[in-house]
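Colleague: I have a few questions about the wording used for this model. Please set each term against its definition.

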Amino acid sequence: MPLGRGRSRVSALERGEVEGAPAEAASGPTARPQTERILLRGIFEIGRGSCDVVLSERALSWRPILPERPAGDSKCELKCKEEFIELKDIFSVKLKRRCFVKQQGNGTLLGITLFICLKKEQNKLKDSTLDLINLSEDHCDIWFRQLEKILAGFPNRPKSLKIFLNPQSHKKEAVHIYHEKVEPLLKLAGVSTDVTITEYEGHAVSLLKECELQGFDGVVCVGGDGSASEVAHALLLRAQKSAGVEADHVLCPVRAQLPLGLIPAGSTNVLAHSLYGIPHVVTATLHIIMGHLQPVDVCTFSTCGKLLRFGFSAMFGFGGRTLALAEKYRWMSPNQRRDFAVIKALTTLKPEDCTISFLPLNNSQDELQRQGSPKSGCSDHWQTLQGQFLNVSIMAIPCLCSVAPRGLAPNTRLNNGSMALIIARNTTRPEFIKHLKRYASVKNQFSFPFVETYTVEEVKVCPKTKTSGYSESEEVGPHESASETSLPWNIDGDLMEVASEVHVRLHPGLISLYGGSLEEMNDCNVTCNCL
Ligand SMILES: Nc1ncnc2c1ncn2[C@@H]1O[C@H](COP(=O)(O)OP(=O)(O)OP(=O)(O)O)[C@@H](O)[C@H]1O
């Protein structure tokens, strides 16, 4: 750790209550500034010894008080090392009291307990405590009030949350996960909650159309990708309605008014995994409590000029067919269903005949825009690919998941203002399987002659229908039912059957999610091999 001489960060936490070191406070290893104004100074027992404790504007630091020793005693110097935590890593403060069973009143004061967010390995966050022991009511009261005042001053930390919980997610454990792991931490942090248990698919959308959101600082979804993207979609629809924007034909959508937090409780948790670097419930909860906000790019998916939905990623071809098959076998367990669908889709592998047009993200084009040329006039920047494609992925976020720990689109970021367009042209089944297997390994999954990747801001995928060739913005014919002509799209894990061209546009930072950026994260360990 790059710390100043004789100063170390939160080692008392490592020694004390936290099992399984190493740990460091969530904001990372920065040195404590020396020029801060001191707010309070006093004596507390920390660990097993008395300490001189200083509360300054950004940190709480302490140094053991030791009896005087001859100068140059190196052991003594070592013991006198100052330790500190940054105040932004503290999420709650409580008075610590000893209460006996059936005791009336408050019990005997022991001191103050600070609740701290610690950063562990593999992007995990963990809650921990630091006890400042002092039996004086007056002394503790002054410190307690000052610390409470400081904690109330972090603007992004939510005080009240609207929570949507899908009881059917994954193995129907979302309710249990919420009550066991999420609710206690929210209570500890003093966050009030209003929980709605969804009753059917689309319930969150209809509730979010009408429900009162005034007084809430954020919305949280407890579930998998289907639920999470449904709530994100609903929040964005609501924002358009509030701003008087016609959502069906939205070109420049307005931002969601409230941030969204995701508690991973589904069978796939790609969104939460991409956001937190790990699909870990306590990590997700602590990001929400600490008010870590991350603007995230969102796509609009439209067909025939009408909005299908807001979303973060889509797959067409193999990815769409696999989901369509998995949905048919809902009675199987989520993992069985997924593996079975992958194998079935591989045995019936077939390419889609389509035209893909895309607008590459282009700096020179950005320059043109800055100089005043309208982007819509630059039609010659569009590029077109025509042919047979096994899979088309369009991803605004990296899409980390257990089968692709570095992400399905490892080169994109949550808010880099671009989407990854990844195309697998027609090839033999063994070659395509090799490409899929690479997602789980450290080798480059894109280094195949049939795979192409582009960084884009807009994409149109126009499938060729049996009856009428390429079906750009075409309504379904009189003798065709939508299901006969439509093709399956996987949009954020939700199945959408679309018959015509799908137009995908990127909207940078359209929603704020509680989480961290991938740059701050690390350790995307490659551990699995699904095929
Ligand atoms: N009470 C409910 N009964 C049935 N479906 C529901 C209910 N509440 C929500 N849903 C819908 O269930 C779908 C899937 O839920 P969710 O994503 O939470 O879990 P999952 O299927 O286990 O995970 P994933 O989508 O990540 O594979 C969502 O589209 C959501 O709209």
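Modeller: A residue counts as near a molecule if its C-beta atom, placed from the backbone, lies within 6 Å of it. By that rule 23 residues surround the ligand, and the closest are G223, G224, G226, S227 and G266. This is a predicted model, in which local features need pLDDT of at least 70, side-chain atom pairs count only at pLDDT 80 or more, and totals for chains, interfaces and linings use all residues. Residues are numbered from 1 along each chain as its sequence is written.

Colleague: How do you know that the ligand lies between domain 2 and domain 3?

Modeller: Domain 2 (159-291) and domain 3 (297-475 + 482-508 + 524-531) both give residues to the shell around the ligand, so the ligand lies between them. The domain bounds come from an automatic or database domain assignment.

Colleague: Which helix gives the most to the shell around the ligand?

Modeller: Helix α6 (residues 225-242), with four residues. Helices here are DSSP runs (H or I, at least four residues), numbered from the N terminus.

Colleague: Why is α5 called roughly parallel to α6?

Modeller: Helix α5 (residues 203-210) and α6 pack at an angle of about 25°, with their axes 9 Å apart. Angles run from 0 to 180 degrees between N-to-C directions, and axes are lines fitted to C-alpha atoms over the stretch in contact. Angles under 35 degrees count as roughly parallel, over 145 as roughly antiparallel, 65 to 115 as roughly perpendicular and the rest as oblique. Therefore α5 is roughly parallel to α6.

Colleague: What makes α4 roughly parallel to α8?

Modeller: Helix α4 (residues 174-188) and helix α8 (residues 281-290) pack at about 30°, their axes 10 Å apart. That angle makes α4 roughly parallel to α8.

Definitions and conventions:
Helix = DSSP H or I, 4+ residues; strand = E, 2+ residues; numbered from the N terminus.
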